[in-house]
Amino acid sequence: MALDNSIGKFNVAAAYEGKAIKTPESATVFIVQNGRKFGFNSQLGYDTFAKLNPSLGLGPTFGPGSTVIIVTAQEAATIVDGGFVNDNGIIIPNSPAIAASSQMMEESIDLRARSLANEFVKQIQNQKVQAASGRVFTRFEPVSDILENQQVQVTAGLFTNNAATMSAIYTSSAQSTTSKNYYYEAWNGIASTSEAQFSVAYGHRKGSGSSAAGTLNDSPSRAIYSQYRLLLLNPGDTTFTFGDGTSSDSIYAINYNRARLKDRLDPGNWQMTLAQLSGSTVPNASHTGSNVKVNTPTPNFITLIDDSGDVYNTGTLGAGNVYNVVSGSLTNGIFNPSAPRYYGLMYPSLGVVILNDAVLNASASFNTVSGSNIAGDNAWKLFTSISGAMSSSVNYAMQARNIETITSTHYFVRVKNGEYNFSNNPTFTTGSVGEFSQATFIGDPKTYLTTIGMYNDRQELLAVAKLSQPIQKSFSIETLIKVKLDF
């Protein structure tokens with residue numbers, strides 16, 4: 001065989017066309033295609049190429065029974081090198097002409113693969129359609145159908161029927177005489193038709209201003225002060241310290257009804273007005289009972305708000321957020337904001353307002369009874385001051401709102417066109433063979449969605465969502481319904 005001319009080279013290549021060859025001296029395997037040899041990068045490349053080209057009859061390689069033909073190094077050298085075969089079994093030529101041929105082969109394989117994939121997708125879709133026609137429930141996809149932990153803050157009026165203002169308060173015969181030694185409940189009407197809205201109390205760190213008789217020297221005022229100190233102050237603090245740096249052993253407290261408070265009192269939406277009392281005209285020890293009344297004929301009025309709107313207030317002292325109670329109004333803000341008058345502290349998360357009795361004595365003539373073992377009935381002074389302001393003008397009504405954080409989970413119920421078009425309702429069919437009760441349903445059945453049931457994995461009904469009106473469903477209509485569950 002002539003090996004040194006072009007004809008001889010062509011004859012050698014033609015003899016091994018479509019065959020895998022290697023030489024005894026090397027483990028490298030080539031595939032001969034179109035008169036050129038292409039080396040395999042790996043065993044994986046050869047196996048993949050063999051599977052993609054079953055017509056070549058290539059079998060296992062590098063072992064007994066191999067279909068790889070052993071040729072001499074001289075014969076292998078006469079075959080022109082055309083490129084290589086990658087691990088995907090694709091011929092990568094080093095000639096533009098061969099590259100074009102290889103690309104055509106690769107595109108053909110790609111088209112075939114696409115055709116098979118499309119056929120598979122079509123089969124799956126047909127199965128879904130067949131299954132959907134008789135579907136009675138659909139499982140939610142956690143990622144696309146469920147949106148968890150959605151939080152929104154809702155505000156409402158603090159008082160009964162979500163009223164944001166309260167223009168009159170009353171005591172109640174339902175409250176015992178003994179409890180009135182500690183606090184007074186403020187109701188929004190007579191006891192039989194109203195509710196308690198808040199309570200007022202007086203506390204003294206050493207027990208002054210109330211009688212200790214029958215209480216083992218632990219007077220009501222001392223019990224009240226200790227209770228609020230433990231509830232509101234940091235461990236180790238023994239007295240209340242106010243915005244101007246002063247501390248007081250004597251306090252007045254307003255405690256809003258917990259049922260009305262929800263999550264917390266809404267800072268920036270609270271306002272209260274106090275009327276000046278008659279204390280400046282009555283001796284201290286005698287400023288009790290009927291002597292406690294609004295000063296006449298022209299009392300002063302003090303309107304109080306919290307300073308949550310002050311950008312310099314961090315509101316992070318004590319038990320949760322704490323704000324100062326200052327003179328001002330919701331309409332005009334803090335009075336003299338550069339040098340406000342501090343009246344007390346507000347604890348929104350607990351619905352408690354603490355007032356400094358020294359400031360009330362000076363500004364509103366409370367004349368707090370401070371003697372030892374004297375039934376000063378000081379809580380009645382705060383009740384009278386608030387009630388007197390309310391009765392003087394509608395502008396002096398107490399204003400307050402609450403805040404509630406509602407956490408929700410949203411479920412997106414996606415009813416596709418091929419789903420839920422049939423009903424188990426007995427009126428949907430008729431006769432012994434289950435024919436449609438309406439002839440127009442043949443080929444185009446229609447149902448109406450009215451209720452969505454939420455089930456767990458054990459198919460136990462957990463919740464029911466009712467639609468405001470029925471929604472028509474057919475093969476030509478798809479529906480998306482959002483179900484919101486609040487916690």
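Biologist: How many aromatic pairs does a search of the whole structure find?

Modeller: The search of the whole structure finds 16 aromatic pairs. Rings of Phe, Tyr and Trp (its six-membered ring) pair if their centres lie within 6.5 Å; planes under 30 degrees apart count as stacked, over 60 as edge-to-face and the rest as tilted. In Phe-40 and Tyr-46, the ring centres are 5.1 Å apart and the planes stand at 70°, so this pair is edge-to-face. This is a predicted model, in which local features need pLDDT of at least 70 and side-chain atom pairs count only at pLDDT 80 or more, while totals for chains, interfaces and linings use all residues. Residues are numbered from 1 along each chain as its sequence is written, and side-chain values use heavy atoms, with hydrogens and water left out.

Biologist: Are Phe-40 and Tyr-46 buried or exposed?

Modeller: Buried means under 20% relative accessible area, exposed over 50%, and partly exposed in between (1.4 Å probe, protein chains only). Both Phe-40 and Tyr-46 are buried.

Biologist: Which residues do ring pairs link into a cluster?

Modeller: The cluster consists of Phe-422, Phe-428, Phe-436, Phe-441 and Phe-475. For Phe-428 and Phe-436, the ring centres lie 5.7 Å apart with planes at 85°, so this pair is also edge-to-face. Phe-428 counts as buried because its relative accessibility is 8%, whereas Phe-436, at 27%, is partly exposed.

Biologist: Which residues have the most contacts inside the largest nonpolar core?

Modeller: In soluble globular proteins, nonpolar side chains tend to be buried together. A nonpolar core is a set of buried Ala, Val, Leu, Ile, Met, Phe, Trp, Tyr and Cys residues joined through side-chain atoms within 4.5 Å. The largest one here has 37 residues, and those with the most contacts inside it are Phe-198, Ile-254, Tyr-256, Trp-270, Leu-355 and Ile-386. Helix H9 (residues 379-392) gives the largest share of this core, five residues; helices (H or I, at least four residues) and strands (E, at least two) are DSSP runs, numbered from the N terminus. A second, separate core has 15 residues, including Ile-224 and Phe-240.

Biologist: Where is the cis peptide bond?

Modeller: The bond from Thr-296 to Pro-297 is cis, with omega near 5°. Pro-297 belongs to the loop between strand E15 (271-275) and strand E16 (301-306).

Biologist: What is the phi of Lys-262?

Modeller: Lys-262 has a phi near 55°, a positive value in a residue other than glycine. The loop between helix H7 (258-261) and strand E14 (264-265) holds Lys-262. Its relative accessibility is 33%, so Lys-262 counts as partly exposed.
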